[in-house]
Every structure is written in C-alpha cells, then in structure tokens.
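Me: Please take a close look at the aromatic rings of this protein. I would like to understand how they are placed relative to one another and to their surroundings.

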Amino acid sequence: MISLAHNALYHWYAQNGRHTLPWRITTDPYSIYVSEIMLQQTQVKTVLEKFYFPFLERFPTLNDLAHADVDDVLKMWEGLGYYTRARNLHAAARQCNGILPTNANDLIKLPGIGQSTAHAISAFAYRESLPILDANVKRILHRYFAVKERNENKLWEYAYKLFDPSTPFDYNQAMMDVGATICTPKKPLCACCPFERWCQGKSSPLEYPMAKTKTQKPIRLRTIIVYQRENSYALTQRRTRFLSGLWGFYESEELADESLKYLGEVTQHYSHFTLQANVYLNKESILPEGFEWFDLDEIKKLSLSRADHKVIAQIVGDQKTYHH
DNA sequence: AAAACGTGGTC
DNA sequence: TGACCAAGTTT
C-alpha cells in the first residue's frame with residue numbers, strides 16, 4: 001500500500017532528512033530557482049560550499065540578475081560548469097520582467113527550465129502538487145518498481161504512481177534525501193531504507209537501472225599558444241557552443257612552430273571528450289585576429305574554463321622559474 | 001532522439 | 001587511477 005510507504009518515508013525524513021540545506025529553508029522563489037539550476041548535474045557539496053551564497057550575494061533578486069551584465073553572471077558561474085545554465089538563467093530573468101512565474105506550466109517556458117526543474121521550483125516555492133524526476137528519484141523508481149530499462153517517459157509514469165500529491169514539498173525533498181544517502185548507486189543501504197518493505201528491487205539493487213554501455217571518450221590533441229607582449233597575454237571570448245561566453249587562449253589543431261618555447265601539457269576531462277594540449281609561449285608575434293591583451297590582474301576579472309586556468313598556472317610557474 | 005554540454009567527488 | 005556519477009536541458 002503506497003500510503004504506508006509514504007508514512008515510512010516521512011518518518012525517515014523527519015529523523016534523517018537534510019533539513020539545513022539553505023534552499024530548503026528559504027521561502028524566496030528566486031533563491032530556490034537559482035539553487036535548482038545550479039544543482040542540475042552538480043553535487044550538493046559543490047553548490048553549497050562554493051557557489052550558492054556568493055551568487056545570491058552578487059545578484060540578490062531576480063531583478064538584479066535581469067539588469068546584470070551576462071559576463072558578470074558567467075564570472076559568478078566560473079568553475080561550476082555547464083555554462084549554458086548561467087546564460088539561460090540570465091536570459092530567463094530578463095524574460096520574466098522581474099516576476100518569476102508561480103506555476104510549472106509557465107516556468108517550463110523559460111530557457112534552462114525543463115519538466116523536472118519546473119516541477120521542483122513549483123513544488124518547493126509554491127507547494128504545487130507535482131513530482132520531480134532527478135537522478136535520485138530515478139534510481140529509487142528503478143529499484144522500487146524493478147525497472148531495468150532507462151526510459152524517461154516510463155519513469156515519469158512511475159514518478160506519478162509513487163507520488164504523494166498531498167504534501168509535494170516534503171515528498172520531493174524526502175525522495176531526494178533517500179536517493180542521495182540511502183538508495184545510492186554503488187552501495188545502497190537497503191536495511192536503513194524506508195521503502196525496504198515495498199521495494200521490488202531490494203534483492204539485487206545494483207541491477208537497477210541497467211548499466212550504461214560504456215563508450216570510451218575520444219582524446220582531442222590540441223595546441224595552445226600563449227601570445228605574450230610584455231606583461232599581457234592574448235585572450236578571446238568564445239562564441240562557440242562549447243564554453244560559450246568564456247575567455248580562453250589561442251587553440252588549434254595544428255602543431256606548433258618548433259621555435260616556440262614549450263611550457264608543458266594540459267589535460268582536461270570533459271563530459272564527452274578529453275582535451276590533451278601542448279602549451280607554447282610566443283613572445284614575438286602580433287595579436288591574433290579576435291584576441292585582446294590582458295595582464296594577469298585583468299584576467300582575474302574574466303571568466304575562464306578550468307583548462308585555461310591550468311594554462312595560467314603554467315605561465316606563472318614559468319615566470320618563477322625564469323626569475324631564479 | 002542521440003549527442004552535446006563542465007567540473008569535481010568518490011571509491 | 002580511471003570510470004562512474006551528480007537536484008537535466010537543449011538541439
């Protein structure tokens with residue numbers, strides 16, 4: 001009986017829930033919105049310790065965000081990844097005219113808000129009676145209903161089947177807590193799970209969901225050239241889909257001129273490929289097309305990818321070597 | 001509709 | 001240490 005499972009869930013949640021998460025305590029819809037975007041494909045720890053509070057301090061309201069420069073938004077997002085989220089958040093703030101929609105049906109029209117995020121914001125900020133379907137809930141549903149197949153649409157059906165429409169806030173929060181702390185991917189703690197009596201997958205939880213077919217990530221070999229003039233370096237703002245809006249050094253598929261000084265290798269693992277780049281220093285050349293000069297202090301004000309920060313580290317390291 | 005999209009945590 | 005994974009959405 002599902003209502004018994006709900007009772008077990010709420011009892012567990014009262015004792016073991018993560019009740020101090022700031023976006024769970026606040027009643028400000030905008031803060032909840034920001035948290036939901038930051039938390040997409042991102043662990044709670046990262047958002048909590050590095051990004052949530054600084055972002056809200058810099059952009060306290062939806063209106064502040066709407067009137068901000070998108071480059072400043074990207075700077076606050078630097079290091080968080082999936083930068084389209086930041087640009088969509090900013091674009092959405094402008095579309096809203098300072099007023100966040102108060103239901104999922106309208107929230108989902110905003111860029112960067114899909115069904116699960118729309119339901120999450122609406123359930124948490126406005127108590128709208130809708131289930132969410134994040135990675136935590138998905139894993140619980142796969143196991144609870146013994147479903148091996150990864151099928152988004154079917155999973156939504158199960159999400160509604162297990163949902164408790166009477167208390168959407170607590171239900172959704174509790175589900176995420178169970179998924180994050182009990183029904184974990186590798187070593188689920190079934191003995192402590194509130195759903196243990198009803199879970200159809202408890203005898204072999206690791207079979208649910210079916211393991212992904214692992215295709216190995218391709219390696220992209222690249223050459224990065226740091227153009228230097230006195231204390232300044234050449235950077236360009238990327239307009240490609242990848243890392244769009246972020247600043248970076250000159251990068252190409254060509255081998256570097258052998259006369260250039262070799263600084264070292266930079267490796268960066270991305271979601272769908274691994275970047276392996278050889279980094280060179282060029283002090284003789286003019287500024288490449290589309291690039292601008294920045295000294296190290298000015299670079300600090302720009303938003304750079306992790307890989308380009310590794311290049312900076314090599315430049316600084318090279319300078320220290322040179323001066324000794 | 002499969003692939004693109006970042007980074008760090010974890011074991 | 002490398003592979004998997006994380007409060008998913010967009011194209």
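Reply: In this predicted model, Trp 156 has a relative accessibility of 9% and is therefore buried, since the limit for that class is under 20%. The model holds 17 aromatic pairs. In the pair of Trp 156 and Tyr 160, the ring centres are 6.3 Å apart and the planes stand at 40°, so the pair counts as tilted.

A second pair joins Phe 242 and Tyr 270. Here the arrangement is edge-to-face, with 4.9 Å from centre to centre and 80° between the planes. This pair links distant parts of the chain, 28 residues apart. Phe 242 lies in the loop between strand 2 (232-237) and strand 3 (247-248), whereas Tyr 270 lies in the loop between strand 5 (261-269) and strand 6 (274-282). Phe 242 is partly exposed at 31% relative accessibility, while Tyr 270, at 14%, is buried.

Aromatic rings also occur in a group: Tyr 144, Phe 145, Tyr 158 and Phe 195 form one aromatic cluster. Within this cluster, Phe 145 has a charged neighbour, for the charged end of Lys 161 sits over its ring, 5.9 Å from the centre. A corresponding arrangement involves Arg 220, whose charged end sits over the ring of Phe 273, 3.7 Å from the ring centre.

Terms used
Residues numbered from 1 in each chain as written. Chains lettered and ligands numbered in written order. Predicted model: local features only at pLDDT ≥ 70, side-chain atom pairs only at ≥ 80, totals over all residues. Heavy atoms only, no water. Phe/Tyr/Trp six-rings, centres within 6.5 Å; stacked < 30°, edge-to-face > 60°. Buried < 20%, exposed > 50% of the residue type's maximum accessible area, 1.4 Å probe, protein only. Helix = DSSP H or I, 4+ residues; strand = E, 2+ residues; numbered from the N terminus. Lys NZ or Arg CZ within 6 Å of the ring centre and 35° of its normal.
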